[in-house]
Amino acid sequence: MNMIRARIAGTGSATPEMILNNADLEAIVDTSDDWIIKRTGIRERRIALKGRNETTLNLATSASLKALEMAKIGADALDMIVVGTVSQDMHFPSVACFVQDALNAKKAAAFDVSAGCTGFLYALSVASNAIATGTCRSALVIGVERLSAMTNWEDRTTCVLFGDGAGAVVLTSSQDDGILASALGADGTCWELLYSPNGSPNVPEILKDTYRKPFFIKMDGNRLFKKAIISMADISSEVLEKSGVSPSDIRLVVPHQANFRIIQALAERLSIPMEKVYVNIHKYGNTSSASIPIALDEAAREGLLGPGDIVLLTAFGAGLTWGASVIRWSF
Ligand code: ACO
């Protein structure tokens, strides 16, 4: 008997219009374009503005409409909407419920998943399992983040890293292609490496029109750096073994975009050449749970993926959490 799997039928992404480049940051904190590029690979990031109505909901909805259009299915066919995010517009209800309303996806169950930067892969795993077990036949999975609302613009060790955006995929069921295996992990004992305490930091003039939350981001970058490489490499090896795929079979790795050096070290540990690794961190910085679906959408639209191609997704984030999925691409 053939196994039912979830396949990605369409991708979409949306990023805010405002570009904050490294030169802009030089005017805000004691940093330099050279330091940021050498240590992170980031050249610019997108920032959501109130004046442009770039809410978490609107970014998520724009990305979703593009994914639905590519998948050629209507929102009324969706059975489930799962959103990975830590930067929802309201404390509750979930972003997913607002998206359900915006898309008029009347029969979809809707909820959010909070797993830091691994949010999209956690959401993807939940939705693909729901399809594989027959709970639903189609799902919309979104990664959306507006971390600018909780950035401490006086902390140069974090404010240069993050950006805003959204990405989405539409899942339908398949008997051949699709998500071959997923694996997830967490270690709550290391929560202090990346968290968000209360406090409202000052905002520089150029960023006065951003949304604000009454908390900000605190991070131990050095320790996270090492944990990120080990966790993503280990879980990638685990999921490759689970799916019976060897690293040499991989057409493209789409990793979480947190730091170019982390991505390079990951590729080295997996013995995968950098030509097979998708990188767009220079344009968007770290968009947390949006980074993988944005990168996947760009890779798909650039024609880098075709039927039968093996794709490895892997992420790491606050919690700590980590995860990986292996996909046999289907279009
Ligand atoms: N500009 C200039 N100098 C800086 C800056 C800056 N923006 N930030 C730190 N420095 C200085 C430090 O003060 C330090 O100075 P010192 O040597 O005089 O003390 C020096 O640069 C080196 O600092 P390190 O922290 O050791 O630099 P490192 O090479 O580790 O890079 C970084 C820092 C980029 C944060 C790196 O550790 C990293 O990327 N860590 C992982 C972060 C991450 O992945 N976070 C998110 C994971 S989960 C998620 O995605 C939400």
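Colleague: Pocket here means an open set of points on a 1 Å grid over the protein atoms alone, with protein on both sides within 12 Å along at least five of seven lines. How much space lies in the largest pocket?

Modeller: About 670 Å³, where a volume is the space filled by probe spheres set on points joined across faces, edges and corners. The largest pocket is lined by 30 residues, and Leu161, Met219, Gly221, Asn222 and Asn259 are the closest to its centre. Lining residues have an atom within 4 Å of a point.

Colleague: What am I looking at, by the way?

Modeller: A predicted model, where local features need pLDDT of at least 70 and side-chain atom pairs 80 or more, while totals for chains, interfaces and linings use all residues. Numbering runs from 1 along each chain as its sequence is written, and side-chain values use heavy atoms, leaving out hydrogens and water.

Colleague: OK. Which elements supply at least two residues of the lining of the largest pocket?

Modeller: H2, H6, H7, H8 and E12 each do. These are DSSP runs numbered from the N terminus, helices being H or I with at least four residues and strands E with at least two. H7 gives the largest share of that lining, with seven residues.

Colleague: And by class, what does the lining of the largest pocket have?

Modeller: There are 14 nonpolar, 10 polar and six charged residues. Asp, Glu, Lys and Arg count as charged, Ala, Val, Leu, Ile, Met, Phe, Trp, Tyr, Cys and Pro as nonpolar, and the others, Gly among them, as polar.

Colleague: Where does the ligand sit?

Modeller: The ligand takes up the space of the largest pocket, the test being more than half of its atoms within 2 Å of the grid points.

Colleague: Which elements give two or more residues to the shell around the ligand?

Modeller: The shell draws on helix H2 (33–40), helix H6 (156–159), helix H7 (221–243), helix H8 (260–270) and strand E12 (310–317). H7 has the largest share here too, with four residues.

Colleague: How many residues surround the ligand in total?

Modeller: 24 of them, and the closest are Thr31, Cys117, His256, Asn259 and Asn286. A residue is in if one of its heavy atoms lies within 4 Å. By class, the shell splits into 11 nonpolar, nine polar and four charged residues.

Colleague: What percentage of the ligand's exposed area does the protein bury?

Modeller: 75% of the 1000 Å² that the ligand exposes when taken alone, by Shrake-Rupley with a 1.4 Å probe.

Colleague: Switching over, what about the second largest pocket?

Modeller: Its volume is about 310 Å³. There are 18 lining residues, with Val86, Gly116, Met150, Ser196 and Ala318 nearest the centre. Strand E5 (109–113) and strand E9 (194–195) give two or more residues each. The lining has 11 nonpolar, six polar and one charged.

Colleague: How many cavities of 30 Å³ or more does the count come to?

Modeller: One, a cavity being a set of points where a 1.4 Å probe fits but cannot get out. The largest cavity holds about 30 Å³. Cys117, Phe120, Leu121, His256, Ser288, Ser289, Ser291, Ile292 and Ala315 line the largest cavity. The lining comes out as five nonpolar, four polar and no charged.

Colleague: Last topic, the backbone. Which peptide bond into a proline is cis?

Modeller: The one from phenylalanine 92 to proline 93, with omega near 0°. Proline 93 is in the loop between strand E4 (80–84) and helix H4 (95–103). The bond from glycine 319 to leucine 320 is cis as well, with omega near -10°. Leucine 320 is in the loop between E12 and strand E13 (321–328).

Colleague: And what is phi of asparagine 104 near?

Modeller: It is near 60°, a positive value in a residue other than glycine. Asparagine 104 lies in the loop between H4 and E5.
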